[in-house]
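Please look at the sequence and the structure shown here before reading on. The briefing goes from the whole chain to its parts.

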Amino acid sequence: MVGEYRAGEVTIEWLGHDAFRVRRPGVTVYFDPYNLRGYSPRADLILVSHEHFDHCSPGDIAGLLSEKTIVAAPRIAVKCVGKAGAPRIIEAKAWTPFNAAGVTVTPVPAYNVNKYRSPGRVYHPRGDGRVGYVAELGGVKIYHAGDTDLIPEMERLKDMGIDVALLPVSGVYVMTPEEAAEAARLIRPKVAIPMHYGSIVASEKEAKRFKDLLSGEIDVVILERKV
Ligand SMILES: [Zn+2]
């Protein structure tokens, strides 16, 4: 386990669950800030995947805001993000790229195919417009999958040349380690980092299983949670 992952001048830190801080000199981006232990540095850009409490946390977003922070969220999470008092909100739609804070962002679909809340009803239905993100900064392309299963749209990510894929591995609401490994084989990132374990559901066991499954195929880096 390492405390951070570096690619060129870009540093990626895991803040627990699906929360990450990605930095290059002069730019700080947060993905799905939740249950953070500190709020420094403030965010230039916050990317929120959807409205569920462990992804859209108004208190955590508020802690990271400065007068120039831009927050992106799909329509279903705009109300949640609004509660944080974000000065500028961009509505994220799958496959509609935007530029913010010097970062090129492409929202991508995120939904369930086989994780059921009740018979016939998945946790994250396809039609609800929840997203993951491909964010490019400092020449490094990072894919944050959000809450998703292995979905056919991931095929398109292979052609985008993903450097680092942040993939959920807990099962229950999202991909299992086996499904996440299959997704990584489809996406072909240079490096995969497991997420969505260690707080709400699953433990490091799932992260290690994911790493083992991809042994000899794709580099997997398990990050220590940053204090
Ligand atoms: Zn969710």
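Predicted model: local features only at pLDDT ≥ 70, side-chain atom pairs only at ≥ 80, totals over all residues.

The protein chain has five helices and 16 strands. Its 227 residues would have a radius of gyration near 17 Å as a compact globule, and the value for the chain is 16 Å, so the two agree.

**Whole chain**

- The C-alpha atoms of the protein chain fill a box of roughly 45 × 40 × 35 Å along the principal axes.
- Of the 227 residues, 48% count as buried.
- Among contacts between residues at least 6 apart in sequence, 57% join residues at least 24 apart.

**The sheet from S1 to S7**

- This open sheet has seven strands in the order S1-S2-S3-S4-S5-S6-S7, and the pairing is mixed.
- Strand S1 and strand S7 (88-91) are the edge strands, and each pairs on one side only.
- On average, neighbouring strands of this sheet are turned by 20° against each other, with direction ignored.
- Strands of a sheet pair through backbone hydrogen bonds, in a parallel or an antiparallel way.
- Strand S1 (residues 5-7) pairs with S2 in the antiparallel sense over three bridges, and Tyr 5 has Ile 12 in S2 as its bridge partner.
- The hairpin of S1 and S2 has two residues between the strands, and Gly 8 takes a positive phi near 60° there.
- S2 also pairs with strand S3 (residues 20-24), again antiparallel, over four bridges, and Trp 14 stands opposite Phe 20 in S3.
- The hairpin of S2 and S3 has five residues between its strands, and in its turn Gly 16 has a positive phi of about 100°.
- S3 and strand S4 (residues 27-31) run antiparallel and are joined by five bridges; Val 22 has Val 29 in S4 as its bridge partner.

**The two faces of S2**

- In a regular strand the side chains alternate between the two faces of the sheet.
- Which residues of strand S2 (residues 10-14) are on its covered face, and which on its uncovered one?
- Val 10, Ile 12 and Trp 14 make up the covered face of S2, while Thr 11 and Glu 13 make up the uncovered face.

**The sheet from S8 to S16**

- Another open sheet of seven strands has the order S8-S9-S12-S13-S14-S15-S16, also with mixed pairing.
- Strand S8 (98-100) and strand S16 (219-220) are at the edges with a single partner strand each, so one side of each has no neighbour in the sheet.
- S8 and strand S9 (residues 103-109) run antiparallel, joined by three bridges, and Ala 100 stands opposite Val 103 in S9.
- Helix H4 (residues 177-187) packs on this sheet and touches strand S13 (140-144), strand S14 (164-168) and strand S15 (191-195).
- The direction of H4 makes about 155° with that of S14.

**Helices**

- H4 and helix H5 (residues 204-213) pack at an angle of about 40°, and their axes are 9 Å apart.
- Because of that angle, H4 counts as oblique to H5.
- The crossing of H4 and H5 is right-handed.
- Where H4 and H5 meet, Pro 177, Glu 178, Ala 180 and Ala 181 come from H4, and Glu 206, Arg 209, Phe 210 and Leu 213 come from H5.
- Helix H2 (residues 75-82) lies across strand S6 (70-73) and S7, and runs at about 170° to S7.

How values were computed: Residues numbered from 1 in each chain as written. Buried ≥ 20, exposed ≤ 12 C-beta atoms within 10 Å, placed from the backbone. Pairing = 2+ DSSP bridges. Contact = placed C-beta atoms within 7 Å. Axes fitted to C-alpha atoms, helices over the stretch in contact; angles between N-to-C directions. Rg over C-alpha atoms; globule rule 2.2 N^0.38 Å. Parallel < 35°, antiparallel > 145°, perpendicular 65-115°, else oblique. Left-handed = near helix turned anticlockwise from the far one by under 90°.
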